[in-house]
Amino acid sequence: MNPLLNKLQPYPFEKLKQLLAGVKPNAAYAPISLGIGEPKHPTPALIKSALSDNLAGLASYPTTAGSEALRGAIAGWLERRYRLPKIDAATQILPVNGSREALFALAQTVIDPTRGDALVMCPNPFYQIYEGAAYLSGAQPYFVNSDPARNFAPDFKSVPADIWPRVQLLYICSPGNPTGAVLNLDDWKELFDLSDKYGFVIASDECYSEIFFKSEAPLGGMEAAHMLGRTGYPRLVSFSSLSKRSNVPGMRSGFVAGDAEILKKYLLYRTYHGSAMSPSVQAASVAAWNDEQHVEENRAKYIAKFNQVTPLLEEVLDVRLPDASFYLWAKVDRYSGMSDTEFAKRLYAEYNVTVLPGSYLAREAHGINPGQNRIRMALVAEVEECLEAAQRIVEFTKKLS
């Protein structure tokens, strides 16, 4: 067996399952889960129709590079969304089966395993795929703690100078999971300058980009590169997905875009990896990327939901409206120094509401676990259910007080 598998930690939801094992929740309340970030809004009819109308595609092997129609639809969306110049859909776009497997697979392409000191840098807390990708590519993860003073953006200035030459790949998530933090243009310039100096690839995970609460949409990595005059997006690979944008997590449809030279090697790897998207799913994806009305309606539902839920929770928890994404990242230790795991366990037992301990989404690095004493709440259900969960949390915290 591959010994690197022994370095992998259980997924956060497995840890949560173990935490709650043997706990009998209060039967007076119906169960409500805010634990998993799985979109619960209905899938738009236009996507379901496009999928069912193209079931004949199941009789054909798909190509790894995807259809011209899909690459063209993705390129068009990127150009409109991020005000980008014409994208070469043949060389700068690659459809993938969701951003999760693509983020993982990129490390296998980028990392030079002959270098025993290779590092993969990522924010802390983080999406656990980044850590697993680092280990299984033969590298080590290096965690950069998020800074509450910077709205939870990673503090790259804290990284020692001798670390940067070892970095081969840097994962960044903007809008962030679990914090909702969005990088600004100065943040991107800092990363691009570091990439130019040390030669590492930037993997920009942007799967929450279409769920935001301000009038201005979150800045994307390719958009920032264009604004800074970085023609061709050198050493930048951006990832996006339909799962959150279009409420189709089961369709497993996303894309990778950016530096054509990296994508050329990435396509070679994926040809062997066997990750071609079903022609039927490709057709449904074309419909999704070409339509913005359902995205605006979806965003409006999240805005209405967060505008109602956040003020309730602000009264009892250290929490605020994020820049973007569908998570609330709350500090809970005001209650007699209660840990995040104890809070989650008691809330489940007494009010049948599931939340995810923040420490499960981070690692102890540089003397702290930046997720400790925080919880992540995924407001993915309809507004009534999320409001009910918030009201139970208010009752629970008042009892603690």
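Helices (H or I, at least four residues) and strands (E, at least two) are DSSP runs, numbered from the N terminus. The structure is a predicted model, in which local features need pLDDT of at least 70 and side-chain atom pairs count only at pLDDT 80 or more, while totals for chains, interfaces and linings use all residues. Residues are numbered from 1 along each chain as its sequence is written, and side-chain values use heavy atoms, with hydrogens and water left out.

Two packed helices are described by the angle between their axes and the distance between the axes. Axes here are lines fitted to C-alpha atoms, for helices over the stretch in contact, and angles run from 0 to 180 degrees between N-to-C directions. For helix H12 (residues 340-351) and helix H13 (residues 383-400), the angle is about 110 degrees and the axes are 11 Å apart. H12 and H13 are therefore roughly perpendicular to each other; angles under 35 degrees count as roughly parallel, over 145 as roughly antiparallel, 65 to 115 as roughly perpendicular and the rest as oblique. The crossing of H12 and H13 is right-handed, a term used if the near helix is turned clockwise from the far one by less than a right angle.

Contact means heavy atoms within 4.5 Å. On the H12 side the residues that meet H13 are Phe343, Arg346, Leu347, Glu350 and Tyr351. Their counterparts in H13 are Arg392, Ile393, Glu395, Phe396, Thr397, Lys399 and Leu400. Sorted by class, the contact of H12 with H13 has 6 nonpolar, 1 polar and 5 charged residues. In this sorting Ala, Val, Leu, Ile, Met, Phe, Trp, Tyr, Cys and Pro count as nonpolar, Asp, Glu, Lys and Arg as charged, and the others, Gly among them, as polar.

Most residues other than glycine have a negative phi, and most peptide bonds are trans. Asn352, in the loop between H12 and strand S11 (353-354), has a positive phi near 60 degrees. With a relative accessible area of 7%, Asn352 is buried; buried means under 20% relative accessible area, exposed over 50%, partly exposed in between (1.4 Å probe, protein chains only). Tyr233 is another residue that is not a glycine and has a positive phi, about 55 degrees. Tyr233 sits in the loop between helix H7 (221-227) and strand S8 (236-241), and at a relative accessible area of 5% Tyr233 is buried.

The model also contains cis peptide bonds. One joins Asn124 and Pro125, with omega about 10 degrees, and Pro125 is in the loop between strand S3 (119-124) and helix H5 (129-136). Another joins Ser174 and Pro175, with omega about 0 degrees, and Pro175 lies in the loop between strand S6 (167-173) and H6.

Salt bridges come next. A salt bridge is a side-chain nitrogen of Lys or Arg within 4 Å of a carboxyl oxygen of Asp or Glu, and by this rule the count comes to 18. One of them links Glu101 and Arg270, whose closest N and O atoms are 2.5 Å apart. Glu101 lies in helix H4 (residues 99-110) and Arg270 in helix H9 (residues 260-273), so this pair ties together parts that are 169 residues apart in sequence. Both Glu101 and Arg270 are buried, with Arg270 at 0% relative accessibility. Leaving aside neighbours within four places in sequence, Arg270 is in contact with Thr64, Leu94, Val96, Asn97, Glu101, Ala102, Ala105 and Ser275.

Lys189 is partly exposed at 41% relative accessibility, and Asp193 is partly exposed at 38%. Elsewhere, salt bridges that share partners join Arg81, Glu210 and Arg299 into one network.

The last stop is helix H10 (residues 279-289). Because 8 of its 11 residues are buried, H10 is largely enclosed by the rest of the structure. The buried residues are Ser280, Val281, Gln282, Ala284, Ser285, Val286, Ala288 and Trp289. Their cover includes helix H2 (45-52), helix H3 (68-82), S8, helix H8 (242-246), strand S9 (254-258) and helix H11 (293-314).
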